[in-house]
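Colleague: Could you take me through this model, starting with the space enclosed inside it and then turning to the rings?

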Amino acid sequence: MTVERLGMVLQPARETEAVFNAGMVKQGETVHMLYRRAEAADRGDGKSLRYEKNEICYARLDLQGRVLEDRRSKAVIIPETRWEAGGCEDPRIVPFEGAYYVFYSAFDGEVCRVGVARTRDFESYEKLGVIPTRQWDKDAFILPERVGGKIVYIHRIEPDIEMDFFDTVEDMFDEEYWAHYGEKVHERVVLTGVEAWESAKVGGSVPPIKTQEGWLLLYHGVGRDREPFCYRAGAALLDLENPARIKARLPYPLLEPETEYECEGDVNNVVFPQGAYIHEGWLYISYGAADKRVAMARVRYDELLGELRRHPV
């Protein structure tokens with residue numbers, strides 16, 4: 001199985017800017033992309049402070065992963081509440097029941113939680129709120145359809161990936177449900193790091209794609225074999241009817257930092273996938289490269305599923 005790098009698709013316009021961690025979704029002949037734009041702030045001492053400003057911007061791509069339009073000058077999701085005072089970051093896009101749901105990291109300056117917005121046209125966005133966890137929580141999304149009548153919510157409280165089930169979108173914001181979540185978080189764990197390259201922590205990356213084999217989940221794993229750490233991409237299959245059960249999992253990274261743009265940036269040695277779609281037998285994957293740029297790779301969809309079949313859990 002070969003993963004083909006397509007190179008960088010979005011780059012910063014200047015040294016003080018970073019554009020990275022992009023979610024994607026295919027709609028007809030168009031690919032919608034939402035990505036994180038960060039700006040450094042001058043502290044007056046000749047140095048810059050990374051990620052002083054974090055917001056979410058839109059780009060439109062063709063089906064080969066080429067950028068047709070980049071609306072960087074006007075962010076679509078910006079900090080507006082105390083929950084988001086430190087920034088809106090790392091969007092994932094999920095088509096669900098007639099709309100597109102955007103799950104993003106809402107950082108209040110001390111704790112990161114999950115913000116949720118909804119759009120139907122990628123022009124206007126309705127913020128639904130921030131999921132009121134007491135713990136640092138991020139890397140979140142839902143499955144694109146219900147399973148057993150339930151909304152399947154996947155998220156990460158370090159160092160593992162958790163899964164929760166809700167009747168309605170509104171139920172995800174129930175403060176009582178999350179008030180004592182820390183006492184039962186171990187009961188919700190579905191995926192933990194088992195290999196050396198993911199031993200520090202794992203997190204959900206791309207909202208799962210439904211296949212005949214199961215829900216295809218691309219996630220990220222963090223290892224400490226490079227200084228100070230290294231982010232890589234992994235792949236697993238979740239059972240279609242019981243997504244809390246892992247059917248198969250690659251023991252090695254699907255993608256890891258190798259090129260200069262993946263190894264050197266604002267944070268070195270980072271490959272951070274967030275979006276994917278299937279086109280003409282290819283699985284296209286967008287990922288943040290060294291917390292500085294958006295890059296794209298692709299792999300043959302049937303080859304990836306075949307390789308996962310070789311590694312059942």
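Colleague: How do the residues lining the largest cavity divide into nonpolar, polar and charged?

Modeller: This is a predicted model, and its largest cavity is lined by Leu 218, Ala 233, Gly 234, Leu 254, Leu 255, Pro 273 and Ile 285. Gly counts as polar, while Ala, Leu, Ile and Pro count as nonpolar. The lining therefore divides into 6 nonpolar, 1 polar and no charged.

Colleague: How much space lies in the largest cavity?

Modeller: The structure holds 1 cavity of 30 Å³ or more. The space in the largest cavity comes to about 50 Å³.

Colleague: How many residues apart in sequence are the parts that the pair of Tyr 58 and Phe 122 ties together?

Modeller: By the rule used here there are 16 aromatic pairs, and one of them joins Tyr 58 to Phe 122 in a tilted arrangement, with 6.0 Å from centre to centre and 35° between the planes. Tyr 58 belongs to strand β4, whereas Phe 122 sits in the loop between β8 and β9, so the pair ties together parts whose separation in sequence is 64 residues.

Colleague: Is Phe 122 buried or exposed?

Modeller: The relative accessible area of Phe 122 is 2%, and a residue counts as buried when this value is under 20%. Because 2% falls under that cut-off, Phe 122 is buried.

How values were computed:
Residues are numbered from 1 along each chain as its sequence is written. This is a predicted model: local features need pLDDT of at least 70, side-chain atom pairs count only at pLDDT 80 or more; totals for chains, interfaces and linings use all residues. Side-chain values use heavy atoms; hydrogens and water are left out. On a 1 Å grid over the protein atoms alone, a cavity is a set of points where a 1.4 Å probe fits but cannot get out, and a pocket is an open set with protein on both sides within 12 Å along at least five of seven lines; lining residues have an atom within 4 Å of a point. Grid points are joined across faces, edges and corners, and a volume is the space filled by probe spheres set on the points. Rings of Phe, Tyr and Trp (its six-membered ring) pair if their centres lie within 6.5 Å; planes under 30 degrees apart count as stacked, over 60 as edge-to-face and the rest as tilted. Helices (H or I, at least four residues) and strands (E, at least two) are DSSP runs, numbered from the N terminus. Buried means under 20% relative accessible area, exposed over 50%, partly exposed in between (1.4 Å probe, protein chains only).
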